[in-house]
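Let's take a walk through a protein model together.

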Amino acid sequence: MSEVIDFKSRRKPTWCPGCGNFGIWNSLKAALANQNIAPHQVLIVSGIGCGSKLPDYTHANGFMTLHGRPLSIATGAHLANHDLKIILTHGDGDGYSMGGNHFIHAIRRNINVVDIYQNNKVYGLTKGQYSPTSEKGYISKTTLGGSIEESVNPLAIAVANGATFVSRGFAGETKHLTWIIEQALQHKGYSLVDVFQPCVSFNKVNSYQWYQQRVYKLEDEPDYDVTDQLEAFKRTKEWGARIPIGIFYRIRDKLTYEEQVPVLKKGALVKQDLRRSVPEIIKKEFV
Amino acid sequence: MQVNNMTLIIGGDAGQGVESSGAGFCKALARGGLHVFSVQDHRSRIRGGHNFYVIRTSDQPIVSWTEPVQLVVALTQETVNIHLKKVVPGGAIIYDDEFNIKKEQLENKNVKSIAVPLNKIARDIGGSQVMANTAALGAVAGLTQFPLKYIRSVVKDNFKKKGDKIVEANYKVAREACNYVISQYGTSFDWKLQSVDAPERMVINGNQAISLGALVSGCNFVSAYPMTPGTSIFEWLTAHANQYGIVSKQTEDEIAAICIAIGAAHVGARALVPTSGGGFSLMVEALGLAGMSETPIVIVNAQRPGPSTGFATRTEQADLLFTINASQGEFPRIVLAPGDTEQCFKATARAFNLAEKYQTPVIILTDAFLANSYRTIEKAALDFESVTIDRGQLLTEIELDQLRGDYKRHAFTDNGISARALPGHPKAIFKTTSDEHNEFGEIIEDAETRNKMHQKRMRKLDTALADMTAPILYGPVESEITFICWGSTLAPLKEAVNILNNDKRNMANLLQFMDLWPFPVEKVRPFVAKAGKLISVEGNYTGQLASLIKMTMGLEVDDKILKYDGRTFSPEYILNNLKEML
């Protein structure tokens, strides 16, 4: 049996007191324990940013990579060893700005990883510039008159692009977030878990209170059908007095990328012997 | 009359099959027991624009291509005008009789005019003008008296996918053109091609040799974004992926290509990333990640002229110093530059072992000339048996089971190399990171650990020196001139050295530098001590190998012969430049 304490590392987080990352971190550990996944069975891949330090604070295999590139690293790790459970934790700047291209392609490949975005709608580690998910009008050190760009809508992108698991959690609702991550861990295919992560130091707009006044759970909606793509798309566009969290969209009948790679049908690549014998006859190809 | 010693050029527009005819004719010659050495010259477009294919052939081993041409096969009128000046007296040009060419234009230069209704034969006999290139090969066979059966066998290989009808039509076209030339021009052409008994040889280019090397070396992961001239490595390995257990992934860009390879290598794959300079530029930050996280990966940078897009389909050797220095900060890397097809195979096998031994990126530097140039080599020259797979200090399952205490992925060691576990074992749960870290791979900020870890990584560079080879000497041990080179320049330079020494004993020798980083200073020293007048021959503007030698040894070369027009070095170019400087 796996327990939360198994993931306890000797490291102490350097996040600001009250940071939304604590909630995400605790939910992730709880979800792993609930799913009985042990630290050695996991590889947590992150990028650069406050949230990307999560592997350092967690006893599990971890690879803290480059800004914007964890999805590519995770994709390679997964294709070479799909027996490992691969989880990504990175921020909105890392994933939706630097990593935007990789995000789109991970979705369409249906790579079987759990992709958690610590979305605080601001740049934390570089101290307060606007981020791709900052709302239009957001005032920051680099948008002194307010951002004149529309914010990225990652969930809408994911639903439109054919993602098989699209969800959003809130770091202030850890039980609910744990449930979402557990669902994502069970899902076969690319699982997007976008998480509202209040940044107590730099984002004075999107605070815990701000979210608490607005979020509602899709599971509580009596007629909500998570397999209805158009309805899911509509909900991803809902923003204002009511903001949905929960599982927006989930389909189970799509093959994952690795299921369609013939070589991987024999098992994880790194468990296949690479000391292959290449017959001399192959030279005939060049004769 | 000269038998089995000539150079021909096939020229035409992109889309006319210049490349397939050229490659096909190389194979036909090889099947006839002859050696070939080819150079391709094509533009970055799919249709239109002049392309040509140079094939030197002989019944003796060939060191390089050379400039004088005996026969030009012109699929366009433009080809005649461009290549006429290269044809030696008594040579010939085969062209379509529909072209507006005046016989006298050729004959004034003592070049035979071989007008053949190539297009008409293709249309009338084959049913399609696209077979004009097949007609041209038939015409070459007729003029040189080369047995048509070798053309036929290549035609069969090239068209069997399209069905027997197409194969037969192409063969008829070749035969008709061959017969036409024999009936009209007889045996007037002075250069003949005859088949000779010889062991079966391979016709293979540098990219294919690298691909084979990767296959034999246990490479089981390749990720790339297509970029000329690196692409054909990716395509070849992809074509063999299912049979040999390779995961091949085309990615959204080169940043993803290298990062996916790093991810795969991190968990234990032997990963290869083929690209060219532009793609390598995009990979630079991740190259540092591989260095920092001590992840073994192999990159092939098949160079082309830069900066920026440069010449997409042409050749240059201007990425040497960039490759050695790419990415911020300092970290160990190994750079190998094979100079011929055989060395491409061997360097690739070495690269995978060195990457895992030193747990760091290894870069194989080639260029478009070496990547694309088809040459005959003996089958035994690519010795599969000689390739061993050395995974370095990769912990075995038993060793992992016996681990005590927390596993240190980046343990401090004297030689800089730390025992490597792959993620997945309960006794070796570990982290690594692009941040500076401690032995456990945890992020640190303190100066003392930084120094120790940085020194540990950099020590691998000193350790790796033991595996770096001395320059390879060609020619006499002592000579008036010592050329130095790296990469594909080897071939034309060898030919130039041979020519110089034929004229005057001990005139020149040549040092080929294959292991470029870490630069094996102590192994180079005895060679330069004996060297004559040092002349660096390189495909770049500044003389980057010369700069590297100056930087590492404080030694200045006496002169440089440089080239950066995107075209391949020829022995004649080297000799002409030498003449001007002596």
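This is a predicted model: local features need pLDDT of at least 70, side-chain atom pairs count only at pLDDT 80 or more; totals for chains, interfaces and linings use all residues.

Helices, in what follows, are DSSP runs of at least four residues, numbered from the N terminus. Just after α1(A), you'll find A:Asn36 with a positive phi of about 60°.

Now back up into the helix itself. Helix α1 of chain A covers residues 20-34, and its end C-alpha atoms are 21 Å apart, which agrees with the 21 Å that 15 residues should span at 1.5 Å a residue. Is this helix out in the open or enclosed? A residue counts as buried if 20 or more other C-beta atoms lie within 10 Å of its own. By that test 11 of the 15 residues of α1(A) are buried, so the helix is largely enclosed by the rest of the structure. Among the buried ones are A:Ile24, A:Trp25, A:Leu28 and also A:Lys29. What do they pack against? The partners are β1 (42-46), β4 (114-119), α6 (174-186) and β6 (191-196) of chain A.

A:Val270 has 23 C-beta neighbours inside 10 Å, so it counts as buried. Which residues does A:Val270 touch, leaving aside its neighbours within four places in sequence? From chain A there are A:Ala80 and A:Asn81, and from chain B there are B:Val267, B:Gly268, B:Ala269 and B:Leu422.

That takes us across to the other chain. In total, 53 residues of chain B are in contact with 45 residues of chain A. On the chain B side, α11(B) gives the largest share, nine residues. Other elements that give two or more residues include α8 (206-216), α12 (277-293) and β17 (431-433) of chain B. Sort this side of chain B by class and you get 29 nonpolar, 14 polar and 10 charged residues.

Let's see how chain B is divided up. Its domain assignment gives domain 1 (2-198), domain 2 (204-386), domain 3 (397-466) and domain 4 (472-581). Pick out domain 2 and domain 4 of chain B: their C-alpha centres lie 25 Å apart. Their contact takes 24 residues from domain 2 and 22 residues from domain 4. On the domain 2 side, the elements that give two or more residues are α13 (320-325), β14 (334-336), β15 (362-367) and α15 (368-372) of chain B. That side has 14 nonpolar, five polar and five charged residues.

Next, some helix packing in chain B. Two packed helices are described by the angle between their axes and the distance between the axes. Start with α1 (residues 18-31) and α5 (residues 132-144) of chain B, which pack at an angle of about 35° with their axes 10 Å apart. The crossing is right-handed. Here B:Ser21, B:Gly24 and B:Phe25 in α1(B) meet B:Asn133, B:Ala136 and B:Leu137 in α5(B). By class, that contact has three nonpolar, three polar and no charged residues.

Then turn to α4 (residues 118-126) of chain B, whose axis comes within 8 Å of that of α5(B), with a crossing at roughly 115°. This crossing is right-handed too. From α4(B), the residues B:Leu118, B:Asn119, B:Ile121 and B:Ala122 meet B:Ala132, B:Ala135, B:Ala136 and B:Ala139 in α5(B). This contact divides into seven nonpolar, one polar and no charged residues.

Finally, zoom in on the backbone. Most residues other than glycine have a negative phi, and most peptide bonds are trans. Which way does B:Gln145 go, positive or negative? Its phi is positive, about 65°, although B:Gln145 is not a glycine. You'll find B:Gln145 in the loop between α5 and α6 (148-159) of chain B. B:Asn506 also has a positive phi, about 55°, and sits in the loop between α18 (490-503) and β20 (508-512) of chain B.

For peptide bonds, check the one that joins B:Gly306 and B:Pro307: it is cis, with omega about 0°. B:Pro307 lies in the loop between β13 (298-303) and α13 of chain B. The bond from B:Trp517 to B:Pro518 is cis as well, with omega near -5°. B:Pro518 is in the loop between β21 (515-517) and α19 (521-529) of chain B.

Conventions
Residues are numbered from 1 along each chain as its sequence is written. Chains are lettered from A and ligands numbered from 1 in the order in which they are written. Domain bounds come from an automatic or database domain assignment. Two residues are in contact if their C-beta atoms, placed from the backbone, lie within 7 Å. Ala, Val, Leu, Ile, Met, Phe, Trp, Tyr, Cys and Pro count as nonpolar, Asp, Glu, Lys and Arg as charged, and the others, Gly among them, as polar. Axes are lines fitted to C-alpha atoms, for helices over the stretch in contact, and angles run from 0 to 180 degrees between N-to-C directions. A crossing is left-handed if the near helix is turned anticlockwise from the far one by less than a right angle, and right-handed if clockwise. The expected span of a helix is 1.5 Å times one less than its number of residues. A residue is buried if 20 or more other C-beta atoms lie within 10 Å of its own, exposed if 12 or fewer, and partly exposed in between; C-beta atoms are placed from the backbone.
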